[in-house]
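This briefing covers the interface between the chains, the surroundings of the ligands and selected backbone features. Please consult the sequence and the model shown below alongside the text.

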Amino acid sequence: MALRLKELAQKKDLLSGGHRACAGCAGTTVIRQVLLAADVPVVAGCATGCMEVVTTIYPYTAWRIPFIHNAFENVASTISGVEAAYRALRKQGKIDREIKFIAFGGDGGTYDIGIQALSGAMERGHNMLYICYDNEAYMNTGIQRSGATPHGAATSTSPAGKKIPGKREFRKDLTSILAAHDIPYVAQAVPSHWRDLMGKVQKALSIDGPSFINILAPCPRGWRFKENESIEMARLAVETCFWPLFEVERRTWRLTYKPKEKRPITDWIGRQGRFRHLMKEENKHIIEELQANVDYKWEQLLKRCEG
Amino acid sequence: MGKIVALTGNDAAGTAMVQIKPDVVAAFPITPQTELMHKFADAVADGEVDTEFVLVESEHSAMSAAVGAAAAGARVMTATSANGFALMWEIVYIAASNRLPIVMTLVNRALSAPINIHCDHSDSMGGRDAGWIQIHSENSQEVYDNLIQGVKIAENKDVLLPVMVTSDGFILSHTLERMEILDEEDVHRFVGEYKPAHTLLDVDHPVTFGPLDLPDYYFEHKRQQVLAMEEARRVILEVGKEFEKLSGRGYGFLEEYQMEGAERAIVALGSTAGTVKQVVDALRERGERVGLIKLRVFRPFPKEELLEALREVKVVAIFDRSHSFGSFGGPLFTEVRSVLYGSDISVEVLNYIYGLGGRNISLEEIEGVFSDLQGVIERGGVKERINYLGVRE
Ligand SMILES: Cc1ncc(C[n+]2csc(CCOP(=O)(O)OP(=O)(O)O)c2C)c(N)n1
Ligand code: SF4
Ligand SMILES: [Mg+2]
């Protein structure tokens, strides 16, 4: 299906309204965009976290497709089982439809506690798309730091204290870790660049085998910005090259969008309360460290994309 | 008709799985469960079964994949031991609470630390409150028979609970025994086809599994699990009777061995029951009024049947192959004593903790327990309520 706004607007949202996400939550936008891109029936799973909690409070569900939540660290193995059941029943002629499988996990459920299950599922080659909606902290439990929280950011467990000004460590490059699994398709996306995001989802779903898309999902509560700025926050992450848009298709790295001009990281962090303490004179070096890290990762990516 | 073979407990369980032909098996190796998996892997490799065999990267993922596959409408089996079961723990509860009829062989092994690969029941007892039906096996034959019945019990629409069938590590899992296996067609006919009402793959009728459930509903859902366990009592007996028609081997909640007129009795689980039988036979030859109650089903706990079996007994020893540190006695002991309290049966109850970490239990030790019980009758009182059998103090 071509990604024309006019046609997409006619399609039924597979995640209904009325769920309990905060105003301005980009996480639910990500899920809607992902599901809107699918042309065949989809079965989805979601790890414990904001997106699961806000969409399924019994006796309600926002999911208009079959959905399973199991636990925090195991959405990849849960969907492995669903997909294995599909193969088994299809082989026996008990199912004759084409069905696709999508696992959603937050950054906590993906970078940290669920990385083993994810790595195992990708290695086993299940026919599934894993989407990490990365809001850069454990939001559901009160904004604690994760392996995806950027250097310097204040969270409940890495507060901007008098002695320690926010998270000391750098975030882990999970997308590269997934690329190193040599699976058929790996990509990074953002909801501001919806056409890019949905195109990647379509590509991933058309591939036989495992695929992974890491999607930045700005969280107004955790990042501390205004509810109407989520999409802008996603865009700025791309324009500052903090969150480059690229894909790795059968080991070939390709930028899918290149900012005309690489903006300084302060254009992005300056808009978020979680980095406010970095603006103090004594913390300026942290911004420099952050910028140096963005520059390094960007250069590394450009080299990979040159081949 | 079936055929007589010599199989280890692991091969017996593996054979049951091959004959049941589950749609999905997800498992991870751990001693002493490994040969069971090897047996099944051979059957997959040779095309004897067309099961989707998901070789996950951990037991946590094994149970997670089992949950996903069962929710998708597949018949699912798995197997593990001790640390593997402990790693699954979180999802063991989730499987039961989502009412998914997964069938698992638990090859009993002591929990670490210290690390030990031999049999005790600390693993299965640790999982006693998880909401699984728990069926214990005395020998390879029972491992096999219990697994086949387990599928039918689990999938009954009034039950829909996962079933754990235990097999004492090494003592059963690695010991060759004479047993009968059924014809594969008979097994198929017996377990029938699994047709769940709601599945993830029924894309035209989307359902949500595992939603957030707050104080306004959670309690009712737990209550339904209680009721399902109650329903399971009836179904376990029905399935046991039906299995008897097929195999000639009948099964209930417990087996009363030489209990006719018994004044002294032992209650035991698993392979130890076989050893106790031998002692009982020898003592009966000498005219002693001793017997054994072999508990087959631990969850749901067979309250009425146990009381009936103990009605005429004067003193009973409860054998626990696991301990609950700091509690008053082992898990089987506390359970038995609790059902006796307030009943019209007066029987002295002693506890013997034995066999931890695979420590062997001898015929002499069991005979010693029966003489302890005689002492209680003669003295008219209990000296030591909780006893440790076969440990160096
Ligand atoms: C085994 C386990 N440990 C901890 C928790 C508590 N917990 C639930 S969700 C969550 C954080 C989720 O973070 P993330 O995956 O980033 O999703 P988000 O809430 O940010 O969307 C935590 C710590 C849990 N449910 N299970
Ligand atoms: S806390 Fe953040 S991620 Fe969670 S629902 Fe609110 S906006 Fe969305
Ligand atoms: Mg998060």
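Which strand of chain B is joined to β2(A), and do the two run parallel or antiparallel? The partner is strand β9, residues 208-209 of chain B, joined to β2(A) by two bridges, and the strands run parallel. The model is predicted, and all values below are computed from it.

**Pairing of strands across the chains**

- The link between β2(A) and β9(B) consists of two bridges.
- A:Ile68 has B:Phe209 as its bridge partner in β9(B).

**Extent of the interface**

- Chain A brings 42 residues to the contact, and chain B brings 41 residues.
- About 3200 Å² of area is buried between chain A and chain B, with carbon and sulfur atoms giving 61% of this area.
- Of the area that chain A buries against chain B, 18% is supplied by A:Tyr58, A:Pro66 and A:Asn70, which is more than any other three residues supply.

**Polar and charged interactions between the chains**

- The number of residue pairs in polar contact between chain A and chain B is 18, counting pairs with both residues at pLDDT 80 or more.
- Five salt bridges are found across the interface of chain A and chain B.
- A salt bridge is formed by A:Lys91 and B:Glu52, whose closest N and O atoms are 2.8 Å apart.

**Composition of the chain A side**

- At least two residues of the side of chain A that touches chain B come from each of α3 (50-55), β2 (67-68), α4 (75-91) and α6 (115-124) of chain A.
- With 11 residues, α4(A) provides the largest share of the side of chain A that touches chain B.
- Divided by class, the side of chain A that touches chain B holds 22 nonpolar, 12 polar and eight charged residues.

**Ligand 1**

- Ligand 1 is located between chains A and B.
- The surroundings of ligand 1 comprise 18 residues, of which the closest are A:Gly108, A:Gly109, A:Tyr133, A:Met139 and A:Asn140.
- For A:Asp107, an N or O atom in the side chain is 3.0 Å from an oxygen atom of ligand 1.

**Ligand 2**

- Around ligand 2 are A:Ala21, A:Cys22, A:Cys25, A:Cys50, A:Met51, A:Asn135, A:Cys219, A:Pro220 and A:Arg221.
- The shell around ligand 2 receives at least two residues from α3 of chain A and at least two from α9 (220-223) of chain A.
- By class, the shell around ligand 2 has seven nonpolar residues, one polar residue and one charged residue.

**Backbone features in loops**

- A cis peptide bond, with omega near -5°, leads from B:Ala113 to B:Pro114; B:Pro114 belongs to the loop between β5 (103-108) and α5 (122-126) of chain B.
- The peptide bond from B:Arg299 to B:Pro300 is cis, with omega near -5°, and B:Pro300 sits in the loop between β13 (297-299) and α10 (303-310) of chain B.
- A:Asp182 is not a glycine, yet its phi is positive at about 55°; A:Asp182 is placed in the loop between α7 (174-179) and β5 (185-189) of chain A.

How values were computed: Residues are numbered from 1 along each chain as its sequence is written. Chains are lettered from A and ligands numbered from 1 in the order in which they are written. This is a predicted model: local features need pLDDT of at least 70, side-chain atom pairs count only at pLDDT 80 or more; totals for chains, interfaces and linings use all residues. Side-chain values use heavy atoms; hydrogens and water are left out. Contact means heavy atoms within 4.5 Å. Buried area is the accessible area (1.4 Å probe) that two parts lose on being put together, summed over both. A salt bridge is a side-chain nitrogen of Lys or Arg within 4 Å of a carboxyl oxygen of Asp or Glu. A polar contact is a pair of N or O atoms within 3.5 Å; within protein, one must be able to donate a hydrogen and the other to accept it, and residues adjacent in sequence count only if both atoms are side-chain atoms. Helices (H or I, at least four residues) and strands (E, at least two) are DSSP runs, numbered from the N terminus. Ala, Val, Leu, Ile, Met, Phe, Trp, Tyr, Cys and Pro count as nonpolar, Asp, Glu, Lys and Arg as charged, and the others, Gly among them, as polar. Two strands pair if DSSP finds at least two bridges between them. A residue is near a molecule or strand if one of its heavy atoms lies within 4 Å of it.
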